[in-house]
Amino acid sequence: MKVAVVGIGGWGRHHLRVAAQLKGEGLVEVVYAVDVDESRLRWAERVYGAVPVKGVDAAAGLDVDAAIIATPTTLHAAHAAAFLTRGVATLVEKPFAASLQEAYQLLDLAGRTLVSTGYLLRFHQGVRYVKNNLGKLGRFLTAYGKRTSRWPLRPGDVGVIKDLAIHDIDLVTYITGRRAVSVYASGGSTRGGYEDHVQIFAHYDGASAIYEANWLTPYRFRKLELTGEQGIFVVDFASDEAYFYGEEGVYRPRLEVAEPLLLQDREFIKAASGAGGEVVSRDDIVYTMKFCEAAALSVKTGRVVNLDEL
């Protein structure tokens, strides 16, 4: 497999590292590093042996089997389109696109070509444990996700909903199979044009969830809790631990040490090669984008927003 990593700053440099590791596993033959910054390209060639390509226009004609898009969100659609229009399997970092409308357009453009997005926490071992043991909860009642940190080192092209809260929004659906019907959100912006703090209440069929996220609290907090009639599951992404609180007390399973990004990209490359592989479905991509935009609309209007409205 020949793989292009587009955008090698921020998360892109991690995708490049993983692609080089997959080359060592025999899953990848050639890795192309695509960026407009020549110093980054020299670094990618020196450190990972990647073939440097300056700019997406130059990359549009590359003979590749798969592409990973890790450029700023406002460029996702245009950069992904450069590969999808040629039938190249493409994984786009989250959020999949700058807007729901853009996501629909990109998925239509993809046609039958494999397309996915970067929900790497689906591959976290704590999440896998909870999903595989969900029956211990009994009837699922509610979920609570909380993510805080200082301002991220990224372009100001997306708010805290699509940057942080989107992970827990996806994970609740991935683990439980439930999708929200409506959302009510409160939040705002202390600077810039996008929300930097938010609290979202989501109504599911027979269950509910609260998602809290901000870029203001000076501590990196990452937890997801799922509560049922028979117990509570907690995944702490900061410490990579999971717990089950049940009738017999607290149980902490021993989790396998594995990097979620490596597992995600490995599965994507396998899927791109036709050898199976787990990827995020198009329906899940649309659902999370729709949820995020419903929450953002609720923040602006102060009303409950049904996802069917979007």
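**Entry 1: terms and model**

I count a helix as a DSSP run of at least four residues and a strand as one of at least two, numbered from the N terminus. I am working with a predicted model.

**Entry 2: the second largest cavity**

I looked up which helices supply at least two residues each to the lining of the second largest cavity. They are α1 (11-24) and α8. Helix α1 gives the largest share of this lining, with 4 residues. The lining includes His-15, Val-18, Asp-265 and Ile-269. By class I noted 7 nonpolar, 1 polar and 1 charged residues. The space inside is about 30 Å³.

**Entry 3: the largest cavity**

Rolling a probe the size of a water molecule over the atoms shows where empty space is left. How many cavities of 30 Å³ or more are there? I noted 2. The largest holds about 70 Å³ of space. Among the residues that line it are Leu-91, Tyr-119, Arg-122, Phe-123, Phe-268 and Glu-278. Strand β6 (115-117) and helix α8 (260-272) each contribute at least two lining residues. I sorted this lining into 7 nonpolar, 3 polar and 2 charged residues.

**Entry 4: aromatic pairs**

A pair of aromatic rings is described by the distance of the centres and the angle of the planes. I found a count of 6 aromatic pairs in this model. One of them joins Trp-43 and Tyr-48, with ring centres 5.6 Å apart and planes at 90°. Planes over 60 degrees apart count as edge-to-face, so the pair of Trp-43 and Tyr-48 is edge-to-face.

I then turned to Tyr-129 and Phe-233, which form an edge-to-face pair at 6.1 Å centre to centre, with 80° between the planes. This pair links distant parts of the chain, 104 residues apart. Tyr-129 belongs to helix α6 (residues 125-132), and Phe-233 to strand β12 (residues 231-236). Both Tyr-129 and Phe-233 are buried. Ring pairs also bring in Phe-244, giving a cluster of Tyr-129, Phe-233 and Phe-244.

**Entry 5: charges over rings**

Which ring lies under the charged end of Lys-131? I found the ring of Tyr-174, with the charged end 4.5 Å from its centre. I also noted Lys-146 over the face of Phe-221, at 5.6 Å from the ring centre.

Notes
Residues are numbered from 1 along each chain as its sequence is written. This is a predicted model: local features need pLDDT of at least 70, side-chain atom pairs count only at pLDDT 80 or more; totals for chains, interfaces and linings use all residues. Side-chain values use heavy atoms; hydrogens and water are left out. On a 1 Å grid over the protein atoms alone, a cavity is a set of points where a 1.4 Å probe fits but cannot get out, and a pocket is an open set with protein on both sides within 12 Å along at least five of seven lines; lining residues have an atom within 4 Å of a point. Grid points are joined across faces, edges and corners, and a volume is the space filled by probe spheres set on the points. Ala, Val, Leu, Ile, Met, Phe, Trp, Tyr, Cys and Pro count as nonpolar, Asp, Glu, Lys and Arg as charged, and the others, Gly among them, as polar. Rings of Phe, Tyr and Trp (its six-membered ring) pair if their centres lie within 6.5 Å; planes under 30 degrees apart count as stacked, over 60 as edge-to-face and the rest as tilted. Buried means under 20% relative accessible area, exposed over 50%, partly exposed in between (1.4 Å probe, protein chains only). A charge sits over a ring if NZ of Lys or CZ of Arg is within 6 Å of the ring centre and within 35 degrees of the ring normal.
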